[in-house]
Amino acid sequence: MKVRKAAAALATVAIVAGACSSGATTAPPTTGPSGTSGATASTGAGSPTASAVPLPTAIGPGEGALNLVIWPGYAENGSNQKDYDWVTPFEQQSGCKVTTKTADTSDDMYNLMVQGHGQWDGVSASGDASNRLIDAGEVAPINVDLIPDFKNISPFLQSPPHNTVNGVHYGVSLGWGANLLLYNKKAFPTQPLSWGSVFDTAQMDAYKGKVTAYQGPIYIADAALYLADKKPELGITDPYELTQDQFNAAVDLLKAQHPYVGKYWASYTDEIDNFENGTTTIGTGWQYQVNTINADKKVEVGSLIPTEGATGWADTWMLSAYAPHPNCMLAWMAWALKPDVQKQSAEYFGEAPANVAACPQLDTNPGPYGFKDFCTLFGATNESFYNHISFWKTPRADCGDSRGTTCVPYKDWVDAYTAILAG
Amino acid sequence: MSAISAPGPQAAPAASPRRRLLGWFARHRRLQLGTLLALPVGWLGVVYFGALILLLLSAFWVVDPVTGQIVRDWTLANFQKIITHPDPYLVIVARTVVIAALVTVSDAVIAFPIAYFMARVASRRTRNILAVAVLIPLWASYLVRVYSWRLILSQNGLLDWFFTQLGIPGVGDIFGYSDLSMTVVFVYLWLPYMILPIWAGLERIPDSFLEASADLGGRPLMTFRRVVLPLAMPALVAGSIFTFSLTLGDYIVPQLVSNTQFIGNVIFSQLGVAGDIPFAAAFAVIPIVIMGIYLYAASRVGAFEAL
């Protein structure tokens, strides 16, 4: 069933690509998978959008340009790796010239959007930025019927709390993954199985100074996740919803970790450098770094989700409320969710695709950065695995449960992290 | 056509408005100067001081923790927070000031012999070559220079490799991402800003002073200590203003070659990560105060006469 759908979608893409190669400026979704899109678009009123202003039920003509704020690797045009190019065909078909601005952190991303009204059309926001963007009115609701592949998104990612509020969709999920434990295979011949390898000072004495940690306040959640398992008496239920005592315990753990950290990383290129030049041999990172480092072949790194679980990200393509080219952005969302585009971005970025229709191709026909059984290994269709990851979200004073507003808000996370880094 | 015929002798009695305006300016010299300077001075006043005043004002506001919006109520909360949390904030200030002072002293010690050689010993040709050599690093991008130092000092970097070849392993571990590496990079980066003022200062000392000292029986060391050094002091202090203030305000070198934070990193993260402009402004007041004290002390030594 899924295979047939994917094949059909691929066939239509091929047809569209062929038909539009003469430079037509039609947005792809309007000419996309036939039948369903036209029908659902006209019945857009039935969508679960409760906003007062009716949302567009069709994507209008493209405005000729598209400016995106992205995580590095979410809009490849073949210049980094010639096999990974999903921007050029989009530009040819939609007539929307794509410019991108990569962000290093979620905070960076949020600030770019807030300070760049009228400049950016969309953003690939993670959960710790997406709810802030929604709360601040920075992103606009969208009609998911305009995204033909929406129905193929994993059920748990169609309306997740980080992009759907009160039944209103503020974007479409594009992919997700975990913050893995990376280790240099030469320095660690036996695979470390626990986050204790970067938090337990007794273990770290053997490789003091070779540890890396993420240089962002959200990393406090990683410490909290470890403590939830290590010190059950603290009663940590959610690493982003921490009472003052729980929060202090996590901060103390990171302060104890500080002398063992040779270099914190904020930009992924820094982490790649440091693994390759030997400054770092173990620490948290993304699959993207693993792929790049192992492709460079200077050192070999392994990666895993330790026994305590992991924090992670789930990213959403969001439409700016001040977008100068909204039609191009909607066309991009529809494009980015197509199975073959999802296959490329999932392989290149190293994450589970949102659209599971991409899985047959990912599993059996890997590209340079892919591998066999990709979706199984990333748990793309595995809801219990998804539930095992604590996805980034913005810490708020409101714990979201019976504890009321006793949780530590993000502002305090920032201050605490300044203190941790100051050593 | 008329513009060309206007300056002709027959046109003189009926002066054009343009000529009358120019004539009026010629009679009011001070106004002429004022009009000329209005734009640059206005820029300095409005844009520079205006921004500075706005910054200082916002230091007395706070950010609403819930909405993230700035609340324009006068409060000293930001300054209280700095003083009641000496652990991160004052520690960072102390670290920044100590390293800035270290960099300044190191630069002075390295720059003085070079500047002295250029000013008083080297031939005209050698001096020109040296001057170009001192200035050439300034042509390359600051980031390129910092990154190249990172390659040299990193744990398996050039320096480590070199000493390993000589049979001395572990040099890379001493440097790596450390305060030491950061100090070395700063010393390198700001060295030209120390050499140039000292060179200019030493060139201004007349040869006759040194001859007079020798005639009075002053040996070279005595002459240096009692004549050259006091006369070069203002230039030395002028150079130190550059090296000290540039180090004090930098936040890129700490990020790239060390694992610690400077005043600038805290300001940057308060602006970029937390979006807390008032606290960032309050913290930015600290280097302003430090530089104010430094400049006052420098003016007492007569540094500004040598600029």
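1. A residue is called buried if 20 or more other C-beta atoms lie within 10 Å of its own, exposed if 12 or fewer do, and partly exposed in between, with C-beta atoms placed from the backbone. Helices (H or I, at least four residues) and strands (E, at least two) are DSSP runs, numbered from the N terminus. This note concerns a predicted model, in which local features need pLDDT of at least 70 and side-chain atom pairs count only at pLDDT 80 or more, while totals for chains, interfaces and linings use all residues. Residues are numbered from 1 along each chain as its sequence is written, and chains are lettered from A and ligands numbered from 1 in the order in which they are written.

2. Helix H14 of chain B is largely enclosed by the rest of the structure, because 7 of its 10 residues are buried. These are Ile263(B), Gly264(B), Asn265(B), Val266(B), Ile267(B), Ser269(B) and Gln270(B). Their cover includes helix H19 (410-422) of chain A, together with H5, helix H12 (220-249), H13 and helix H15 (277-301) of chain B. Two residues are in contact if their C-beta atoms, placed from the backbone, lie within 7 Å.

3. The contact between the chains takes 19 residues from chain A and 20 residues from chain B. On the chain B side, helix H5 (86-121) and helix H14 (263-272) each supply at least two residues, and H5(B) gives the most, with 4 residues. By class, this side of chain B has 8 nonpolar, 11 polar and 1 charged residues. Here Ala, Val, Leu, Ile, Met, Phe, Trp, Tyr, Cys and Pro count as nonpolar, Asp, Glu, Lys and Arg as charged, and the others, Gly among them, as polar.

4. Chain B has 15 helices and 2 strands. Its radius of gyration is 27 Å, whereas a compact globule of 307 residues would have one near 19 Å; the radius is taken over C-alpha atoms, and the globule rule is 2.2 Å times the number of residues to the power 0.38. The C-alpha trace of chain B spans about 90 × 75 × 40 Å along its principal axes. Of the 307 residues of chain B, 32% count as buried.

5. Chain B is assigned a domain 1 (25-60) and a domain 2 (79-306), with bounds that come from an automatic or database domain assignment. The C-alpha centres of these two domains of chain B lie 31 Å apart. In the contact between them, 4 residues of domain 1 meet 6 residues of domain 2. The domain 1 side of that contact has 3 nonpolar, 1 polar and no charged residues.

6. Helix H7 (residues 142-153) of chain B has 12 residues, which at 1.5 Å a residue should span 16 Å, and its end C-alpha atoms are 17 Å apart, which agrees; the expected span is 1.5 Å times one less than the number of residues. Its buried residues are Val146(B), Trp149(B), Arg150(B), Ile152(B) and Leu153(B). They cover an arc of only 160° around the axis, which puts them on the same side of H7(B); the arc is that of the directions from the helix axis to the C-beta atoms. They pack against helix H8 (158-165), helix H10 (179-203) and helix H13 (252-257) of chain B. The face turned away from the buried side of H7(B) carries the exposed residues Leu143(B), Val144(B) and Leu151(B).
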